Amino acid sequence: MDTINGRYFRNVLGHFPTSVVAITTTDADQRPQGLVVGTFMSVSLEPPLVSFLVDSSSTTLRTIRAAGRFCGNSLAGNQERLSRRLAARGTDRFEGVTWKASPLGNPVLDGIVAWVDCSLEQVVEIGDHFLVVGRVRHLRVESKRTPLLFFRGGYGDYLSTTTLVLDRLVGW
Ligand SMILES: Cc1cc2nc3c(=O)[nH]c(=O)nc-3n(C[C@H](O)[C@H](O)[C@H](O)COP(=O)(O)O)c2cc1C
């Protein structure tokens, strides 16, 4: 087996495009908290579960565990600045960010594509990350905006090459 160099690992894996999802929650004082992940995915339909991976050093994970809930916000193609802000360290990430509360009380950010409101189901340690599994309680498509994508260390907007088949399912 090859010894895997960390930089090389990140470089090659950076060639697998990801979504850009803001995971949000609130702390004990009801202040918004969150981070950006590229690892958000659907896990199960019965029961309805989603998940994301978070670094073991994450400060937001502690808040999510305490709150017992989080919301996955699918960022829109024109929200690169918002993504940078919500991925930054050592700043108040939510300063100037507008949002409304989800049914569970998690921040739903203005201008996003869709959101999934979850109660915390399970946290599993895997390697140097935790797999955070949420049980979906409420979910909604907010707009027809195209989603923000991440690829080779940079952001991009989605460009469809087929008919958007899901439009019919959400009743646009
Ligand atoms: C596009 C993008 C995708 C990211 N994906 C993840 C991820 O899946 N898991 C993770 O832990 N951090 C991810 N990060 C990094 C976190 O957003 C960043 O390290 C943040 O400061 C962590 O905050 P925390 O310490 O509050 O958890 C990503 C950053 C960007 C810009």
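Modeller: A polar contact is a pair of N or O atoms within 3.5 Å; within protein, one must be able to donate a hydrogen and the other to accept it, and residues adjacent in sequence count only if both atoms are side-chain atoms. This is a predicted model, so local features need pLDDT of at least 70 and side-chain atom pairs count only at pLDDT 80 or more, while totals for chains, interfaces and linings use all residues. Residues are numbered from 1 along each chain as its sequence is written, and side-chain values use heavy atoms, without hydrogens and water.

Colleague: How far is the backbone nitrogen of Glu46 from a polar atom of the side chain of Ser44?

Modeller: Ser44 lies in strand β4 (strands are DSSP E runs of at least two residues, helices H or I runs of at least four, numbered from the N terminus). A polar atom of the Ser44 side chain reaches the backbone nitrogen of Glu46 at 3.5 Å.

Colleague: Is Ser44 buried, exposed or partly exposed?

Modeller: Buried means under 20% relative accessible area, exposed over 50%, partly exposed in between (1.4 Å probe, protein chains only). Ser44 has 22% relative accessibility, so Ser44 counts as partly exposed.

Colleague: How far apart in space are Ser44 and Val136?

Modeller: In sequence, 92 residues separate Ser44 and Val136. In space, C-alpha to C-alpha, the distance is 9.8 Å.

Colleague: What is the peptide bond from Glu46 to Pro47, cis or trans?

Modeller: Most peptide bonds are trans. Pro47 sits in the loop between β4 (41-44) and β5. The bond from Glu46 to Pro47 has omega near 5° and is cis.

Colleague: Which residues come nearest to the ligand?

Modeller: There are 17 residues around the ligand (near means a heavy atom within 4 Å). Strands β3 (32-37) and β5 (49-55) each supply at least two of the shell residues. The nearest are Val36, Thr39, Ser58, Thr59 and Thr60.

Colleague: How much of the ligand's accessible area does the protein cover?

Modeller: On its own, the ligand has 640 Å² of accessible area (Shrake-Rupley method, 1.4 Å probe; for residues, only the protein chains shown count as cover). The protein covers 83%.

Colleague: What is the relative accessible area of Gln79?

Modeller: Gln79 is in the loop between β6 (69-74) and α3 (80-87). Its side chain reaches the backbone nitrogen of Ala76 at 2.8 Å. Gln79 counts as buried because its relative accessible area is 8%.

Colleague: Is Leu75 buried or exposed?

Modeller: Leu75 is found in the loop between β6 and α3. Its C-alpha is 20 Å from that of Arg137, with the two 62 residues apart in sequence. At 0% relative accessibility, Leu75 is buried.

Colleague: What is the phi of Gln30?

Modeller: Most residues other than glycine have a negative phi. Gln30 lies in the loop between β2 (21-26) and β3. Gln30 is exposed, at 51% relative accessible area. Although not a glycine, Gln30 has a positive phi of about 65°.

Colleague: Is Arg152 buried or exposed?

Modeller: Arg152 sits in the loop between β11 (148-151) and β12 (154-157). Arg152 has a positive phi of about 50° although it is not a glycine. With 59% relative accessibility, Arg152 counts as exposed.
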